[in-house]
Protein chains: 2
Amino acid sequence: MSRSSSDVAVLAHSGGPTPVINASLLGAVEEARLQREIAGFYGARFGISGILKDDFIDLFAQPTELLERVAQCPASALGSSRHEVTREDLTRVLHVFRARGVRYFFYTGGNGSMGTAMQLQEEGERQGFSLQIIGIPKTIDNDLLMTDHAPGYASTARFFAHAVRDIGADNASLPNQVEVIEVLGRNAGWLAASTTLAKTEPDDPPHLVYFPEARLPLDKLLDEVSCVFHRLGRCVVVVCEGQLDENGEPFGAEVRPGSRGSLAQNLGQRLALLISTRLQIRARSEKPGLLGRATSAYISKPDWDESRLCGRAAVQAAVAGYSGVMITLLRNSGPEYSVELGHAPLEKVAFAERLFPREWIKSDSTGVLPAFLDYATPLIGPIERQAELILNPPKETVD
Amino acid sequence: MSRSSSDVAVLAHSGGPTPVINASLLGAVEEARLQREIAGFYGARFGISGILKDDFIDLFAQPTELLERVAQCPASALGSSRHEVTREDLTRVLHVFRARGVRYFFYTGGNGSMGTAMQLQEEGERQGFSLQIIGIPKTIDNDLLMTDHAPGYASTARFFAHAVRDIGADNASLPNQVEVIEVLGRNAGWLAASTTLAKTEPDDPPHLVYFPEARLPLDKLLDEVSCVFHRLGRCVVVVCEGQLDENGEPFGAEVRPGSRGSLAQNLGQRLALLISTRLQIRARSEKPGLLGRATSAYISKPDWDESRLCGRAAVQAAVAGYSGVMITLLRNSGPEYSVELGHAPLEKVAFAERLFPREWIKSDSTGVLPAFLDYATPLIGPIERQAELILNPPKETVD
């Protein structure tokens, strides 16, 4: 197709990958191929770091069949970065963009990345550089404002819901043990909440779910675990990596050297140790950790589809003249789940976290209220209960 | 079908579940239904503990369709147990069996369980009780002697190989970090070895794989991690939960209270902490833990099929008059993978561990020799490499 302009587009990934981040990339490239305004489309290698180093790949040169296969794979196909952007970096980015003839910039990330995009927009305007910047939402944490949910959340949520179901079934078949399952999520409990989709019967796992939005006194945790364990002979506890105790500390867990704040490295393990020493109950912990965002086995179809649509919508918005906005997902009302795409100003999403709604949390730590299940089930899907034998005893008896 | 006898069979699970343990149960029930010698078939609830409490379910009363669905699910459908069997327990088991008219006992487990089966056999013979005992092999650790491999290993191995591939891809897309992945395996490195199936190109993860069969000096680990990290800017390390250092200690990790020996609870985390503090490299750890044996998403088809066949073969062997043996898998020679089923005396497998062959381990800690891949690939399957973009830069350059 002949191009009507020499304008170039750049797309970069930022922060942690999601299982569907490459579906947004596919959508953006598909759409850009249709737009005569976009003469070239470059992917930055390793996020903003790649832009700073003028390290790009040619996205229009990728075979469609390859892009489609890449879109099925988690981990960022372009490479991503957690580089903290300085004012000098912004100037360098604009310099590279100018030299490359870049007019459109697509930045796939969470609320911090949207903040960077906003700063770049402001710096570009200050320099009189006509650059259109569109944010593509992406976060497993689901903590972006202005969107019903964020691409990436539902697939990681689906992983953790299955993990809790499966480890819970293992725990039920070999009981007399407490299982602490550490899920991703530093400040927001959306992923922890999703594990309640594993629950069909009242005594199904998870038995206790804690939300990092509230501090958790250790004694409360121990009391609640003890209560479940003595009733059922087993207990599955879901806790976020970012959970803090009544003192705002991670229960004495080890804090990552150099980490911002007090994110623990071994919170689940620390809690299992406290449960086993204080309650004299056998306890262990599992930390699937990054596997929750890195595996393709539990990709949610709506999540993948929406991630791709967000990529397409970002290109459409840019060509239509929008700038300084992030693509959003707006849920339609009605009994059937459907979404429309919209956009929100970057300043409304930058550096802000959407926490899990307190009014959806059960006060007894056993999970969430139906409002969350109504919200989450169309995204994550129902989690099928495992088949179980019929427990009829044989007829004969023995003394 | 009319039964020619009143003899009853009992099947019990022992120890940790596997992803395919219920396929053996399906196979045993399918075969028992064909055998007129077996009038009733009971499943013990929670292993030997269920026998001691006379707590059984009627396996012939299970609908075939339900059994087939159950056979697709990990976790023990009957419930399992780690109860350490005493001499008094053996007497009680024989008492219950006599009262129930039990003539056939199928015990699904690993080498410790085969030891229990052997002791029960001896006690039965001492009491002149005509009880036929057949062991059904089951262990994710693959440490049973006399069998080419054990049902359960390949599926858990397949999980961990994918986990290393996927976490490795995440690590490659967001580098400057060391990832320590803790895999199951206390004394034997079969699962650790399986993660090397994720490697297609020389620099694919895992970059370093350690085997618990050899002590690992901390300095050697740090040197090797440093070397890989400074060459690639990333490093994926696979370590077994049972790895010990040069002093026979778990590197200062926390040891499970009440655990036999020195099995650490947080070995991967401990090593990540040592790497980050000693080498000043960002490091984290993931511990999928029991998820490796509890998820159905990575069940190996040959593993499932063979597990079912072992259940069938156990019933056939019992009816044919065998006792005091464990079913074994014997690999045929030739280019196409195939197995035949056999049996080995319980005393040849009881309480003995088959460690990973030292001659299959590369001396530089980077993995295994092709002999292992020849052994493992037919069981676990090739692990598909994730699709990657073509790294062509765009034509223009910038200063």
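Start by selecting A:Arg282, which counts as partly exposed because it has 19 C-beta neighbours inside 10 Å, while a buried residue would need 20 or more. Keep in mind that you're looking at a predicted model. A:Arg282 sits in the loop between α9 (267-279) and β9 (283-286) of chain A.

How far apart are the C-alpha atoms of A:Arg282 and A:Ser296? They are separated by 33 Å, with the two residues 14 apart along the chain.

Next stop: the sheet. Colour the strands of chain A and trace the order β3-β2-β1-β4-β5-β10-β11, which makes an open sheet of 7 strands with mixed pairing. At the edges you'll find β3 (56-58) and β11 (339-345) of chain A, each pairing on one side only. From one strand to the next, the twist averages 30 degrees.

Zoom in on β4 (residues 102-109) and β5 (residues 132-137) of chain A: these two run parallel and are joined by 6 bridges. Pick out A:Phe106, and you'll see A:Ile134 of β5(A) standing opposite.

Finally, show both chains. How many residues does each chain bring to the contact? Chain A gives 66 residues and chain B gives 66 residues. On the chain B side, elements giving two or more residues include α4 (87-100), α6 (153-173) and α9 (267-279) of chain B. If you colour the side of chain B that touches chain A by residue type, you'll get 33 nonpolar, 17 polar and 16 charged residues.

Technical notes. Residues numbered from 1 in each chain as written. Chains lettered and ligands numbered in written order. Predicted model: local features only at pLDDT ≥ 70, side-chain atom pairs only at ≥ 80, totals over all residues. Contact = placed C-beta atoms within 7 Å. Helix = DSSP H or I, 4+ residues; strand = E, 2+ residues; numbered from the N terminus. Nonpolar A, V, L, I, M, F, W, Y, C, P; charged D, E, K, R; others polar. Buried ≥ 20, exposed ≤ 12 C-beta atoms within 10 Å, placed from the backbone. Pairing = 2+ DSSP bridges. Axes fitted to C-alpha atoms, helices over the stretch in contact; angles between N-to-C directions.
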